[in-house]
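Dear colleague,

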Amino acid sequence: MASISNSFHFSLKRSNFYSSSSHKLINRNSTNSAPLKNLSIIANSKNIESIKPKCSQLLKPRNSVDVFVTKAVAADAEGHDIEITDGYVKPTKGFAEKFPALVTGFFFFTWYFLNVIFNILNKKVYNYFPYPYFVSVVHLLVGVTYCLFSWTVGLPKRAPINKELLALLTPVAFCHALGHVMSNVSFATVAVSFTHTIKALEPFFSASASQFVLGHQIPVSLWLSLAPVVIGVSMASLTELSFNWTGFISAMISNIAFTYRSIYSKKAMTGMDSTNVYAYISIIALLFCLPPAIFIEGPQLLQYGFRDAIAKVGLYKFLSDLFWIGMFYHLYNQIATNTLERVAPLTHAVGNVLKRVFVIGFSIVVFGNKISTQTGIGTAIAIAGVAIYSLIKARMEEQKRKAAALAHEQ
């Protein structure tokens, strides 16, 4: 065989150029008469093992070739196409990597859908069982049970936790518990639309915390783009507005709590996936929620709370309602946490505001409220505000990308 160049390029991928009965080297005989600069091996990624012996025999002087092919087979354990270029194994991009915007959009849609279901069922329960501290515990208890079962079957595999990570997650879990309980207090005392009107201020809390706590400079244009979002959601909610100081204050506290939860959850994701992070947060938050539920509502529940609820709807419906609102609560928060992993905290907050438009709209339909012109205008303004924010943010990210690429070239 003629001398072979020191630089080889191997490319293993699915192709229409190989035989269905056997996989052979392309133009193998031609290597006897001319120097070989580029050797291509074309095969189905799931049948790479059948090619490896031939590669080893043909390129026996180069021991590293066998290593490369072995690595290629290992890299393809999950059935992905792989590529070997200059000795480096490079798995081809999956669907999520090829279409990140589409996947992120799916996360947002699922988050919205589950949240709408939760809010409607949750409000229906409060209409006959107004005990927000106990209901908050039920929400978390169902979620924790779900997490423990998921870990048991290995979907997902439980990530180990150490003292450092526990110390990091504990304040996050406290903020989660506080925000959750205060939101439920507001839902139980005022209309759903009023609670979501107050909670529409969350982007401003998030922007303030991002700039003054994390030190991220928020441009004036982004600050201005948030104004129509909040104003629009507020307008969409005014038709159901029923002021109550308890509902107002508790909703404001939940805004602050959830803002810090989002920011510090983002930091906690550096060493653990978001699913495991939220599972541990739920477990710790449940421990924080138990004492107030026992001491504040425990005596009332034992005297007449449970009895009255069962008398109104029956034992089966009462228990099934509590289970399903707990399940939907956990699932929508899990998806929200997965979404936070994909976007910045401020983007997450704006998406949260738009989610409230959906919640308000569906609550109007379910509870039979008439949709006024003001509600329609407010919804349109909110959506326009989110669109403006998205365009400004996308333009800024594109400018950063171009600047980084230019600096890399220099």
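P100 is partly exposed in this predicted model, because its relative accessible area is 41%, which falls between the 20% below which a residue counts as buried and the 50% above which a residue counts as exposed. This proline lies in helix 4, and although P100 and R342 are 242 residues apart in sequence, their C-alpha atoms are 9.1 Å apart in space.

S136, which is found in helix 5, gives another case to look at. Is S136 buried or exposed? With a relative accessible area of 0%, S136 is buried, because buried means under 20%. The side chain of S136 reaches the backbone oxygen of P132, at a distance of 2.7 Å.

The UniProt record, an unreviewed entry, places the feature "transmembrane region" at several stretches, including residues 245–264 and 276–295. In the model, the chain over residues 245–264 is 100% helix and 0% strand, with its end C-alpha atoms 29 Å apart. Over residues 276–295 the chain is likewise 100% helix and 0% strand, and there the end C-alpha atoms are 30 Å apart.

Finally, there is the empty space inside. Rolling a probe the size of a water molecule over the atoms shows where such space is left. How many cavities of 30 Å³ or more does the structure hold? There are four of them, and the largest cavity has a volume of about 250 Å³. Of the 21 residues that line this largest cavity, the closest to its centre are N115, K199, F258, Y332 and K355. The elements that give two or more residues to its lining are helix 4, helix 6, helix 7 (192–199), helix 10 (245–268), helix 12 and helix 13. If you sort the lining of the largest cavity by class, you will find seven nonpolar, nine polar and five charged residues.

With best wishes

How values were computed. Residues numbered from 1 in each chain as written. Predicted model: local features only at pLDDT ≥ 70, side-chain atom pairs only at ≥ 80, totals over all residues. Heavy atoms only, no water. UniProt positions renumbered as here; feature names shortened; annotations may be inferred. Helix = DSSP H or I, 4+ residues; strand = E, 2+ residues; numbered from the N terminus. 1 Å grid on protein atoms, 1.4 Å probe; cavity = no way out; pocket = protein on both sides within 12 Å on 5 of 7 lines; lining within 4 Å. Points joined across faces, edges and corners; volume = space filled by probe spheres on them. Nonpolar A, V, L, I, M, F, W, Y, C, P; charged D, E, K, R; others polar. Buried < 20%, exposed > 50% of the residue type's maximum accessible area, 1.4 Å probe, protein only. Polar contact = N/O pair within 3.5 Å; in protein donor to acceptor, adjacent residues only side chain to side chain.
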